[in-house]
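Hi there,

Here is the structure I promised to pass on. My notes on the disulfides and salt bridges follow below it.

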Amino acid sequence: MFRSRVRSRLLPSPERCPAVGQHRVPEKLLSPGLGTMAGRCHQAWEIGTAGTMLVPMLKLVPSPMLMPNLVPKPRRLPRSTQEGSCHAETLPGCANLEDGGRGEAGYGVSSPTDLSRPRCRPQLESYIQSSVKPEMAQLQQTAVQNQTATMLEIGSSLLNQSAEQTRKLTDVEAQVLNQTSRIEMQLLESSLSTNKLEKQLLVQTNEIHKLQSRNNILEVRVLEMEAKHQAELAGLRSEKERLQVVVSRQSGTIEDLEKSLLAASANSSLLQRQQLQLLEAVQGLVRLVAQGRASLPGEEQLFQDCAELRRAGFHTSGVYTLHIANLSEPKKVFCDMETDGGGWTVIQLRANGSLSFQRSWREYKQGFGDAAGEHWLGNEAVHLLTSRAPYALRVELRDWEGSQVYAHYGKFQLGSERQLYRLSLQDYSGTAGQQSGLALQGTNFSTRDADNDNCLCKCAQMLSGGWWFDACGLSNLNGIYYPARHNIRKLNGIRWHYFQGPSYSLKGTRMLIQPAGF
């Protein structure tokens with residue numbers, strides 16, 4: 001049984017392969033779809049029934065990996081029934097094809113001489129051409145379709161890329177337009193600013209021209225005034241020289257007048273002293289006559305308090321010298337001859353904080369300070385005065401707001417040093433509060449070195465100064481002096497409980513004594 005498999009197309013006009021002398025595919029039979037497929041020559045061996053001769057045949061094998069659908073199916077060759085006859089189904093002279101062996105390509109032949117017969121070869125070629133032609137057309141059509149699809153895909157890809165590029169170009173164009181419009185606006189603003197600056201520059205230039213013209217006028221005036229002043233200065237210099245001559249002439253006369261004036265002033269001062277001496281002698285005589293006891297003109301009169309001075313005719317407030325009985329030396333005091341009838345002896349004064357009242361027991365006993373300013377008269381002198389006759393006490397208080405009040409005690413007496421200068425008061429009245437700011441009876445005097453109060457806390461050390469503290473008490477007029485705006489909440493300041501409260505430091509105080517009933 002003749003069987004052969006056609007695995008390639010046989011070419012109708014075979015040509016010799018240059019390398020191995022076999023058949024080669026002509027270029028005119030290659031379709032456009034097969035341009036990428038390499039045709040190659042190889043042998044197809046067909047073993048016939050007559051012998052074992054091998055017939056080389058041309059075979060074109062497309063690449064099955066590139067075009068798998070283009071590989072033709074094997075086609076069976078017609079059987080030869082009579083040797084030597086050639087027609088549509090049998091090929092004369094090609095007998096015993098099915099009895100031969102199998103070649104490489106699957107075609108069987110009896111001998112090489114069977115295919116080389118002149119009467120058999122044309123029929124074989126025409127048969128092969130008629131068999132391959134429909135398949136070649138189909139292959140060409142498939143290749144064209146594949147190429148068309150590929151071109152369509154490539155075209156669509158190019159269209160997509162073109163659309164993407166167009167969109168990007170549109171975005172870039174929009175950005176460029178935005179930047180351009182922004183730059184145009186900036187240029188417009190710059191142009192407007194430039195125009196405004198140019199206008200301002202023109203205005204300023206005009207102002208400068210005006211100022212320059214004014215300056216020129218002023219310079220001319222200044223030059224004129226300088227010339228005038230120079231002329232006046234020359235006149236003044238000449239006048240000065242003339243006056244100097246006059247002054248030099250009059251200086252001698254003035255010196256003579258001064259000498260005469262000095263002599264006259266010496267005579268006048270002598271006369272004034274004599275007049276004062278006569279006036280003092282007359283006043284002394286008047287006082288002695290008023291008291292009913294005459295004395296010699298040279299005898300000195302002694303006073304123990306300001307009330308006696310007031311009775312003797314002294315009506316001017318000021319510093320006087322008192323000779324207090326049993327006191328070792330005279331005492332200078334300030335006498336108030338005007339307040340409430342006069343005759344008041346000042347025993348304490350606080351006015352400006354110039355004097356410290358942080359003193360010892362001995363200093364408070366003897367007294368300290370200047371009678372004309374801040375001072376303490378002394379506990380011993382006050383004791384001697386108040387022990388010989390009943391006395392009254394007046395306490396004057398002033399705050400930083402300008403208010404002034406007083407406290408008046410009808411009876412005031414101070415004990416001896418042995419009695420710790422115990423305070424005794426009666427008959428309170430005045431405007432310094434409804435109640436007394438001092439303990440009325442039995443309060444001892446205390447200082448920083450003599451604690452005589454009724455408190456374990458040592459009030460003199462805690463509250464400062466020397467005072468009749470009792471149990472740290474309602475007042476302390478000898479505390480620390482605090483200036484304005486620093487006098488609030490000061491427990492150790494100058495305080496009087498019933499006037500401005502217990503922690504308000506006062507601006508000034510004054511304590512005065514006077515014989516009761518004066």
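To start with a question: are C459 and C472 buried or exposed? Both C459 and C472 are buried (buried means under 20% relative accessible area, exposed over 50%, and partly exposed in between, with a 1.4 Å probe and protein chains only).

Before the rest, a word on the basis: this is a predicted model, in which local features need pLDDT of at least 70 and side-chain atom pairs count only at pLDDT 80 or more, while totals for chains, interfaces and linings use all residues. Residues are numbered from 1 along each chain as its sequence is written, and side-chain values use heavy atoms, with hydrogens and water left out.

Disulfides

The structure has 3 disulfides (a disulfide being a pair of cysteine sulfur atoms within 2.5 Å). C459 and C472 form one of them, with 2.0 Å between their sulfur atoms. This pair links distant parts of the chain, 13 residues apart: C459 sits in helix α6 (residues 459-463) and C472 in the loop between α6 and β12 (475-476). Helices (H or I, at least four residues) and strands (E, at least two) are DSSP runs, numbered from the N terminus. The S-S torsion of C459 and C472 is about -90 degrees, so this disulfide is left-handed.

Another disulfide joins C306 to C335, S to S 1.8 Å. Here too distant parts of the chain are linked, with C306 in helix α3 (residues 306-311) and C335 in strand β4 (residues 331-336), 29 residues apart. C306 is buried at 0% relative accessible area, and C335 is buried at 0% as well.

C455 and C457 are also joined, S to S 2.5 Å. Their S-S torsion is about 120 degrees, so the disulfide is right-handed. C455 is partly exposed at 23%, and C457 is partly exposed at 32%.

Salt bridges

Searching the whole structure gives 9 salt bridges (a side-chain nitrogen of Lys or Arg within 4 Å of a carboxyl oxygen of Asp or Glu). One of them pairs E164 with R167, the closest N and O atoms being 2.3 Å apart. These two residues lie in helix α2 (residues 121-291), 3 residues apart, about one turn of the helix.

E396 forms a salt bridge with R510, at 3.1 Å between the closest N and O atoms. The pair connects distant parts of the chain, from strand β8 (residues 391-398) to strand β14 (residues 508-515), 114 residues apart. Both E396 and R510 are buried. Through shared partners, salt bridges join D336, R394, E396 and R510 into one network.

Best wishes
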